[in-house]
Structures are given as structure tokens and as C-alpha cells.
Amino acid sequence: MQFDIRSFLESGRKPFEAHFEADFSKADFGGYSVNNPAVCDFTATLTEDGAAMLLCVRAHIDAECARCLEPLTRDYDFTREYFVRDRDLEDPDFELPCNENGCLDLEELAYQELIFEVPAVLLCSADCQGLCPICGKKKAAGCSCQPADNAAPADARLSILKQLLS
């Protein structure tokens, strides 16, 4: 969905409103997926200095815990505010996903904001203990493995370091 910021700044007399669903099922989020369409609301209002814009995104993500690998789901509901002046559209460092004609790609904007909203490391709970490095079971499920004190280092070339600690 496109929003023509340039035309809106020149002749927008009434607020612009758009309600749309963004399909991110094929997008690469690196660690999680958005299998249901994200519900987005966008509004733009003309002010004396430019345009005040508001983007609201509601998305449901599916992932797995970074520590114990259990499946998890999270709902994200967030709002972002933007302010754009006509001169911003000419700035080569303008951060919003606009083309050379001043059209804002609203789905791309929602995608970028979702990437910033979702943490890079997702956990099933803040106190997740993860998996046992010996047996591979969840530590919270009652793993009773005890690491051996005299276990050899993972790499024999590092065995000299063990001597330094003795």
C-alpha cells in the first residue's frame, strides 16, 4: 500500500486514514515468523509545518526459545509517530521507505518497525535455564547431570590452559 506524502503535503485538506493487513508470511525475520497477516492502521494529518503520521501495528509471531528450543508465540501491539516536512523528501538520508516520487510504502514501513520491535533473542520466560549440555534435556524438567571436574577441554589444543589454572 502506498501513501503519496508529496501530494498530501501539497493538497491534503482532510486527514488520511488507511487500515490494511500486511502479509509477512514469506518475509525473513531471522529467528521468528509472522504467519498471520499483521493488522495495521495508518493516519496522516496536515499541520502548519508538515505532516504528522501515526502507524499502529498488531502482529502475532511464532518462534522458538533461544535457550530451550520450546515453541513460543508472542503478540506485539505498538505505535510509531513520524513527522515529515516537504524538504525531508529531498534529503538523501531520509529514513522512511519512500520512492523518488515521495510515495511511502506502508507495508515496508510496518515490516521495518516490526523488526525493531521484536527482540533479537526470544525466550519462553526470563528465567529459562535452557538445555543440559550433557544429556540435552531441559534443565527445568529436572536434569540431574553433574559436569565432571576433570573433563577434558573441548579442544585438545587448549589443554595447556587447564595447566595454567592448576
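These are my notebook entries on the salt bridges in this structure. The model is predicted.

**Entry: the count**
I looked up the salt bridges. I got four.

**Entry: Glu 90 and Arg 6**
I checked this pair next. Their side chains form a salt bridge, at 2.9 Å from N to O. I then looked up where each residue sits. Glu 90 is in the loop between β6 (71-84) and β7 (103-105), and Arg 6 is in helix α1 (residues 5-11). They are 84 residues apart, so I noted a link between distant parts of the chain. Glu 90 itself is exposed, because its relative accessible area of 55% is over 50%.

**Entry: Asp 41 and Arg 58**
Here the closest N and O atoms of the salt bridge are 3.4 Å apart. Asp 41 lies in strand β4 (residues 38-46) and Arg 58 in strand β5 (residues 51-64), so the bridge ties together parts 17 residues apart in sequence. Asp 41 is partly exposed at 25%, and Arg 58 is partly exposed at 33%.

**Entry: Arg 80 and its partners**
Glu 117 forms a salt bridge with Arg 80, with the closest N and O atoms 2.5 Å apart. Glu 117 is in helix α2 and Arg 80 in strand β6, 37 residues apart. Both are partly exposed: I read 27% for Glu 117 and 23% for Arg 80.

**Entry: Glu 113**
Glu 113 lies in helix α2 (residues 106-117). Is Glu 113 buried or exposed? Glu 113 is buried, because its 12% relative accessible area is under 20%. Leaving out residues up to four places away in sequence, I found that Glu 113 touches Leu 55, Phe 78, Arg 80 and Tyr 82.

Note on methods. Residues numbered from 1 in each chain as written. Predicted model: local features only at pLDDT ≥ 70, side-chain atom pairs only at ≥ 80, totals over all residues. Heavy atoms only, no water. Helix = DSSP H or I, 4+ residues; strand = E, 2+ residues; numbered from the N terminus. Buried < 20%, exposed > 50% of the residue type's maximum accessible area, 1.4 Å probe, protein only. Contact = heavy atoms within 4.5 Å.
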